[in-house]
Each structure stands twice: as structure tokens, then as C-alpha cells.
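I opened my notebook to get to know one protein model. Here is what I looked up, entry by entry.

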Amino acid sequence: MRYIKLPSENFEKFFNSLKAWGSIYAPVKRGSIYSFQEVQRAEEVALDYNRTMLPPKKFFVRPRDEILRLKNGRWENGTDAEPIVLFGLHSCDIHGLKILDKVYLDEPVDPYYKARREKTFIVGISCMPDEYCFCKSLGTHFAMDGFDLFLHELPDGWLVRIGSVRGHEIVWENGELFEEVTDEDLKHFKEFEERRANAFQKEIPQEGLADMLDLAYNSPVWKEYAEICLACGNCNMVCPTCRCYEVCDKWISAYDAVRERRYDSCFMENHGLVAGGHNFRPTRLDRFRHRYYCKSYFDPSSGYNCVGCGRCDEFCPAKIEHVKVLEEVRGSLR
Ligand code: SF4
Ligand code: SF4
């Protein structure tokens with residue numbers, strides 16, 4: 001992987017050069033939260049944000065997505081993929097997209113997701129963990145791929161890792177904005193990463209996690225938390241790796257209709273309901289526990305279904321903490 005340097009004074013020009021690719025979406029402060037929004041100027045971007053409420057998933061699988069439209073008795077495909085730049089993704093969110101890729105790009109390929117993914121230029125950015133982050137313990141605190149360019153903060157600019165051919169092209173086309181990396185820059189990069197690694201306050205011990213969950217299916221801790229949980233589904237909506245959806249047809253007239261795909265939540269009572277009236281997860285306890293088993297499932301090719309972004313903790317109205325629940329479940333086996 002090639003490393004180059006973007007000096008601070010060239011940051012704005014670099015940002016503007018990305019407009020040649022497409023509209024730029026970046027984290028912006030909205031009241032007390034951050035959100036990926038379209039931006040025109042570099043100064044609008046919250047470079048030091050911790051996490052957005054909705055992850056970048058929303059650009060590829062939208063909360064409500066018109067996938068087909070019936071017009072005068074003929075179905076039309078609803079895919080609308082415009083070239084965009086997603087600027088300022090953190091490493092955990094890049095890993096989250098890689099997990100979604102496994103789902104949507106494996107056969108059968110989801111054409112809506114694929115078209116949007118191919119037209120998106122991704123610029124990652126380094127971050128410092130806050131009290132909610134636990135990505136380091138899941139190995140998602142550093143991205144080696146899944147981005148076009150990745151910017152690491154330096155005292156006088158940015159160390160840029162180039163992660164794709166498209167990234168190389170953008171750097172090539174704007175060669176006058178970049179410099180070669182010096183030993184001093186690499187020293188600052190390593191110091192930043194060390195400081196960052198030592199700043200994590202939470203972790204999920206991976207050792208024996210699968211066995212622990214097998215043994216703890218009837219732990220009383222699930223029941224205690226299921227009684228506090230409001231079953232609002234917020235944790236699903238904000239999670240970068242949740243991908244359950246439902247498809248509904250909305251009829252406008254006998255010859256006009258819209259087929260819509262929209263986010264679903266495993267906390268909803270009808271999520272486990274199947275034909276014949278059987279419900280696989282009829283109680284809140286079943287649904288609460290299910291989410292932890294889903295997120296802690298380990299796939300050897302893509303890792304866990306959780307990237308440790310901390311969104312489900314920060315945005316849970318019942319203040320339920322993912323790591324704490326798993327710690328207590330583990331503790332209940334002793
Ligand atoms: S966000 Fe919290 S309260 Fe809402 S469903 Fe998830 S765990 Fe329960
Ligand atoms: S389960 Fe929570 S911490 Fe893990 S990826 Fe989803 S929102 Fe982030």
C-alpha cells in the first residue's frame with residue numbers, strides 16, 4: 001500500500017477535487033448528534049466526530065427504498081445510483097460495509113446495493129475512541145481495505161493511505177497537492193496509533209465467546225435485560241451490520257403500484273412470524289437474546305456481526321450496554 005502526505009494547507013483543494021467524482025457526503029453536526037449529509041465546503045465537515053447516528057449503510061440500503069414501480073401495468077426497475085463520495089468514514093464503518101458486501105454481493109447479487117457500491121468513492125479518516133467504542137477488541141479498529149483513500153491525522157496535515165486504483169487516480173490527477181512521507185511523519189503516525197490503542201475503555205473478550213453463549217442460553221441475565229428493554233428497535237436501526245428488511249407493495253390504482261423495501265427490526269413481534277401463524281421468537285426475551293447471538297456469531301471469512309461502533313449503546317433509550325450485557329451473561333456462568 002502506498003503512503004503519501006497531504007499538507008494541511010492543501011486539504012481544502014483536495015476536498016474540492018473530489019467533487020469531480022460526485023456529490024460529497026460527510027459527517028456534519030446536527031444538535032447533539034452527527035449525521036452524514038451532503039456538504040459543499042470542507043469547513044462543514046466535522047473531522048473530529050465520534051459516530052453518526054445512522055451508519056453509512058443508509059447510502060446503499062436506504063431506510064425506505066423504492067425498488068420497483070408499476071406504471072400503466074408495466075414494472076420498472078427503481079435503481080438510481082449516482083456517483084457519490086463518502087468522506088470521513090471511520091474504520092469500524094468500513095468493516096461494517098465489508099460485512100454488508102458479504103450479504104448483498106454474494107450470489108444472488110443485490111443489484112441496487114451493487115450499483116450504489118460501485119459508484120461510491122470512500123475516504124476514511126482516523127479517530128479517537130470515546131466511552132462507547134470497543135472496535136479494537138473485535139479487530140475492526142484499523143482498515144486494510146474497503147476504502148479508496150484513508151486519511152490519518154498528522155500535526156501538520158494528513159498521512160494518506162491509497163487503497164484502490166480509483167484512489168491512485170485521484171492522487172495522480174492532483175499530484176501537486178501531495179508530498180512524499182518523511183520519517184518524521186511516520187513517527188507521528190505510529191505515535192497517534194499507539195495513543196489511540198491505549199485510549200479504548202471497553203472490550204469484548206473474544207476467547208470462548210461462542211462456547212459461553214452456547215452454555216448461557218438460559219442465563220437469568222437475558223430475562224433481567226429483556227424486562228428493561230423497550231423493544232423499540234433503535235439498536236437495529238443504527239447498527240452498521242443489521243440488514244433485515246421487509247418488502248411491501250403499495251397499490252395506487254389497479255395499474256400503478258410501488259414495491260418498497262424498508263428496514264425491519266428483529267425486536268418487532270412479527271419479525272419471527274411465519275406462514276401458519278407460528279412465531280419463532282414470540283417473547284421479548286427471545287428477541288432480546290436473539291440479537292446478541294446474531295451479533296456474536298463468528299464467520300471465519302468476515303468475523304463477527306458486530307464491529308464495535310458503540311451506536312447501539314449511545315442510542316439505546318434504556319441505556320442497555322452491549323459489552324456489559326455480555327460480561328454479565330459470562331459472569332452468570334461462574
Ligand atoms: S435500543 Fe435498547 S431499548 Fe430499544 S430495542 Fe434495543 S436494547 Fe431494547
Ligand atoms: S451491535 Fe452495536 S456496537 Fe456492534 S456494530 Fe451494531 S451498533 Fe455497533
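**Entry 1: one cysteine**

I started at Cys312 and found it in helix α10; helices here are DSSP runs of H or I with at least four residues, strands are runs of E with at least two, and both are numbered from the N terminus. A reminder to myself: this is a predicted model, where local features need pLDDT of at least 70, side-chain atom pairs count only at pLDDT 80 or more, and totals for chains, interfaces and linings use all residues. Residues are numbered from 1 along each chain as its sequence is written, chains are lettered from A and ligands numbered from 1 in the order in which they are written, and side-chain values use heavy atoms, with hydrogens and water left out.

Is Cys312 buried or exposed? I noted it as buried, because its relative accessibility is 15% (buried means under 20% relative accessible area, exposed over 50%, partly exposed in between, with a 1.4 Å probe and protein chains only).

Next I checked what Cys312 touches: leaving out residues up to four places away in sequence, I found Cys235, Val238, Arg291, Ile320 and His322 (contact means heavy atoms within 4.5 Å). His322 is 10 residues from Cys312 along the chain, and their C-alpha atoms are 7.3 Å apart.

**Entry 2: the two ligands**

I counted 13 residues around ligand 2, and Cys312 is among the closest, together with Cys239, Cys306, Val307 and Cys309 (a residue is near if one of its heavy atoms lies within 4 Å). Helices α9 (284-295) and α10 (311-314) each give two or more residues to this shell. By class, I have 7 nonpolar, 3 polar and 3 charged residues there.

Around ligand 1 I listed residues including Cys229, Cys232, Cys235, Phe267 and Cys316. This shell has 10 nonpolar, 2 polar and no charged residues.

**Entry 3: the cores**

Which residues touch the most other members of the largest nonpolar core? I wrote down Phe14, Leu18, Phe87, Leu149 and Leu151, out of 46 residues (a core is a set of buried Ala, Val, Leu, Ile, Met, Phe, Trp, Tyr and Cys residues joined through side-chain atoms within 4.5 Å). Strand β6 (residues 84-89) gives the largest share, 5 residues. Apart from this core lies another of 27 residues, among them Ala216 and Ala318.

**Entry 4: the whole chain**

I ended with the overall picture: the protein chain has 11 helices and 13 strands. Buried residues make up 49% of its 334 residues.

Methods
Nonpolar A, V, L, I, M, F, W, Y, C, P; charged D, E, K, R; others polar.
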